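Visitor: I would like to learn how to read this model, going from an annotation to the domains, the chain contact and the sheet. Could you take me through it step by step?

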Amino acid sequence: MTFDYAPAPESRAIVDIKGSYGLFVNGEFVDGSGTAFKTVNPATEEVLAEVAEASEADVDAAVRAARRAHSRVWSKMTGAERAKYLYRIARIIQERGREIAVLESIDNGKPIKESRDVDVPTAAAHFFYYAGWADKLEYSGYGTTSLGVAGQVIPWNFPLLMLAWKIAPALAAGNTVVLKPAETTPLTALLFAEICQQADLPPGVVNIVTGAGATGQAIVAHPDVDKVAFTGSTGVGRAIAKTVAGTDKRVTLELGGKAANIVFDDAPIDQAVEGIVNGIFFNQGHVCCAGSRLLVQESVADEVLERLKRRMGTLRVGDPLDKNTDVGAINSPMQLARIKELVEVGEAEGAGRWSAACDLPGQGFWFPPTLFTGVSQAHRIAREEIFGPVLSVLTFRTPTEAVEKANNTPYGLSAGIWTDKGSRILWMADQLRAGVVWANTFNKFDPTSPFGGYKESGYGREGGRHGLEAYLTAGER
Amino acid sequence: MATKTTTPTGSARLDVRKTYKLYIGGAFPRSESGHSYVVNDAKGKFLANAALASRKDARDAVQAARKAFPGWSGRTAYNRAQIVYRIAEVMEDRRPQFVDAVRVSEGLNAARAGRVVDEAIDRLVWYAGWADKVTQVVGGANPVAGPFFNLSTPEPTGVVAVLAPQESSLLGLVSVVAPVIVTGNTAVVCSSADRPLPAVTFAEVLATSDVPGGVVNILTGTVGNTAPWLASHMDVNAIDLTGAAGDPEHAARLEEAAAENLKRVRRAPAAEPDWSLDPGTGRLTNFLEVKTVWHPVGL
């Protein structure tokens with residue numbers, strides 16, 4: 001006997017999407033002087049709104065507003081007062097949580113249960129956490145002096161959460177910000193601008209400029225920006241590192257990944273399978289730390305694969321606003337094309353492709369949860385970040401081989417270990433060259449927990465006391 | 001450092017001059033290029049010929065440093081502390097030699113050169129002690145909102161290229177090398193171009209101080225010859241541009257090359273710092289990566 005799910009759509013009546021949006025500069029919404037662009041719902045291809053594009057001159061105006069706010073207001077305010085603004089923001093995010101979650105799912109395509117249970121509460125928690133640091137900076141180890149104006153460029157996979165990761169520590173440390181959300185997901189950042197108004201945040205402390213790569217480049221290259229914080233692809237991160245070379249700008253980069261999720265033969269298999277599914281299909285695999293390479297010990301490979309396939313067959317792909325949906329829409333046609341291209345390469349290189357039977361909606365951008373078997377380390381699907389719901393399965397025999405394979409990548413953001421043996425967990429955790437290691441769990445995030453990569457996954461840490469380092473003068477990066 | 005002495009019978013004895021070579025993988029090779037260059041003292045008088053390191057030497061040094069990294073970073077912090085302390089002991093033992101080298105290289109009087117050597121030895125002792133303390137200062141437990149054990153610990157970044165200062169040939173050198181290796185990194189060091197002799201003597205100390213071969217590799221010669229290859233080398237994880245102080249254009253080009261594999265870059269200061277000041281922990285933490293490990297808590 002099987003139980004069917006009835007549709008359980010979350011109402012979108014709670015959100016009020018305007019026809020067009022301007023830039024948020026100096027506490028007000030203003031027109032942009034670039035060419036406005038459209039943001040669409042990736043699940044339906046419906047145009048949601050027109051969004052202003054910030055030109056170089058607009059970015060300059062935002063930086064000037066941020067500079068004024070920094071020197072006249074924000075850096076002079078006591079930490080205790082800054083803290084209260086941040087606590088206010090945290091509370092408003094909590095109060096308007098449902099609205100933000102629905103808007104995030106509409107603009108991004110992620111399932112409502114993820115935006116509701118992960119993105120929004122974690123974003124609020126980041127503001128709550130860093131609020132408490134604002135008047136305790138002398139205990140941080142990085143001094144109490146802010147850098148000035150932070151230019152921040154964030155990706156489309158966790159739009160509001162990445163905004164929170166960037167803005168909360170910057171403001172707590174006394175900096176002001178000019179932030180650019182991704183061009184395909186600007187709406188929650190613009191809602192956040194409204195929240196800043198609601199919180200009576202002094203004008204210019206937070207400025208939101210929308211646009212694509214050129215706008216981001218204008219922020220990064222602006223001579224009066226003291227600090228650049230970027231989350232996104234390694235390619236763009238490299239370009240940013242080159243742009244700031246020879247300047248005094250401080251930089252943190254949180255870039256790509258190709259994490260190994262390593263399953264030993266003594267692992268609790270059902271839990272490991274849940275961890276594998278969470279590792280690669282959470283947020284449609286649009287996760288820089290996704291466990292996109294499954295390394296499974298040869299002796300249990302067949303069993304793990306069989307159970308993994310059975311579990312993948314129960315994943316519900318579809319309407320992001322349906323509360324039962326596990327896997328939502330691919331964020332953009334560009335990203336869908338990138339996933340399809342690499343999947344075709346995987347097939348052409350001889351790996352075995354498998355997806356559970358699933359009906360995909362006729363409209364919108366979709367890709368079914370997919371795995372590849374028979375993948376070798378030389379395959380592009382084992383080396384390149386796909387940033388989609390595609391898992392490459394490799395096998396190993398010994399822990400040493402698992403470590404070698406796991407570390408055989410220019411990336412080093414995260415890794416997963418599944419085993420019941422404690423000493424092996426600790427040995428593996430020591431050996432893996434990755435900034436975050438999840439043992440018998442995966443994709444866990446917390447504002448107190450530093451996050452960031454080794455090698456070409458970037459530098460600097462976000463979260464925790466370490467996250468303040470990037471925003472205080474006595475920090476190093 | 002040629003000196004004339006007389007034999008007990010009063011006849012002049014020809015001194016035996018030292019050949020100054022590179023230090024790579026625990027050995028003292030000449031430059032594979034076969035090139036050397038003239039090193040003068042502070043007054044412009046000939047001191048010695050030193051090996052002029054080439055691109056190939058730089059690459060060999062990176063290979064040696066990479067090979068040494070797993071073993072060195074895998075040692076206990078206590079053991080690394082003892083070895084760095086041992087470097088200080090051996091330097092103290094050879095103090096007159098270092099005083100002489102600093103005196104002629106930097107044009108200081110003997111008393112001032114002596115103080116510089118003392119500071120260099122004391123700095124090594126200071127950094128030695130950091131080996132097993134930096135982890136607690138930088139890392140810690142994180143109180144996440146859930147049933148998880150969550151711990152952040154610093155780890156060495158990997159192979160670090162170090163452009164040692166041009167002016168301070170010993171104290172500056174020690175001040176940039178010690179913080180890199182004491183935490184478990186391995187280093188490829190470009191010595192001061194005009195004042196390389198203390199660096200070669202320092203290499204001889206390293207070779208006799210239980211520092212495994214390859215942990216520190218020292219290249220003498222011009223920064224222009226080796227630094228661009230180190231900055232662009234895909235198996236170097238970080239670069240310290242201190243030795244490019246005062247040449248912002250060169251430093252910018254090196255930083256740009258370093259971006260290719262997202263090297264951690266310590267930028268060059270506008271001018272060479274005063275090495276006698278309290279160094280702080282910046283040079284230690286520059287070349288550390290924070291790793292955070294999660295594990296569920298439950299019955």
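Guide: Let us begin with a record: UniProt, in an unreviewed entry, places the feature "domain: Aldehyde dehydrogenase" at residues 32-265 of chain B. UniProt positions are given in the numbering used here, feature names are shortened, and annotations may be inferred rather than shown by experiment. This is a predicted model, in which local features need pLDDT of at least 70 and side-chain atom pairs count only at pLDDT 80 or more, while totals for chains, interfaces and linings use all residues. Residues are numbered from 1 along each chain as its sequence is written, and chains are lettered from A and ligands numbered from 1 in the order in which they are written.

Visitor: What are the helix and strand percentages over residues 32-265 of chain B?

Guide: Helices (H or I, at least four residues) and strands (E, at least two) are DSSP runs, numbered from the N terminus. Over residues 32-265 of chain B the figures are 51% helix and 18% strand, with the end C-alpha atoms 28 Å apart.

Visitor: How is chain A divided into domains?

Guide: Domain bounds come from an automatic or database domain assignment. In chain A, domain 1 takes in 20-255 + 455-471 and domain 2 covers 260-439, and the centres of these two domains, taken over C-alpha atoms, are separated by 30 Å. To their contact, domain 1 of chain A gives 20 residues and domain 2 of chain A gives 26 residues, where two residues are in contact if their C-beta atoms, placed from the backbone, lie within 7 Å.

Visitor: How many residues of chain A are in contact with chain B?

Guide: On chain A 33 residues are in contact with 29 residues of chain B. Among the elements that give two or more residues to the chain A side are helix H8 (234-244) and helix H14 (422-431) of chain A.

Visitor: Which strand of chain B pairs with S17(A)?

Guide: Two strands pair if DSSP finds at least two bridges between them. S17(A) pairs in the parallel sense with strand S12 (residues 288-296) of chain B over three bridges, and A:Trp438 stands opposite B:Trp294 in S12(B).

Visitor: What is the strand order of the open sheet?

Guide: The open sheet of 10 strands, with mixed pairing, runs S13(A)-S14(A)-S15(A)-S12(A)-S11(A)-S16(A)-S17(A)-S12(B)-S6(B)-S5(B). Strand S13 (352-355) of chain A and strand S5 (140-141) of chain B stand at the edges, each with a single partner strand, so one side of each is left without a neighbour in the sheet.
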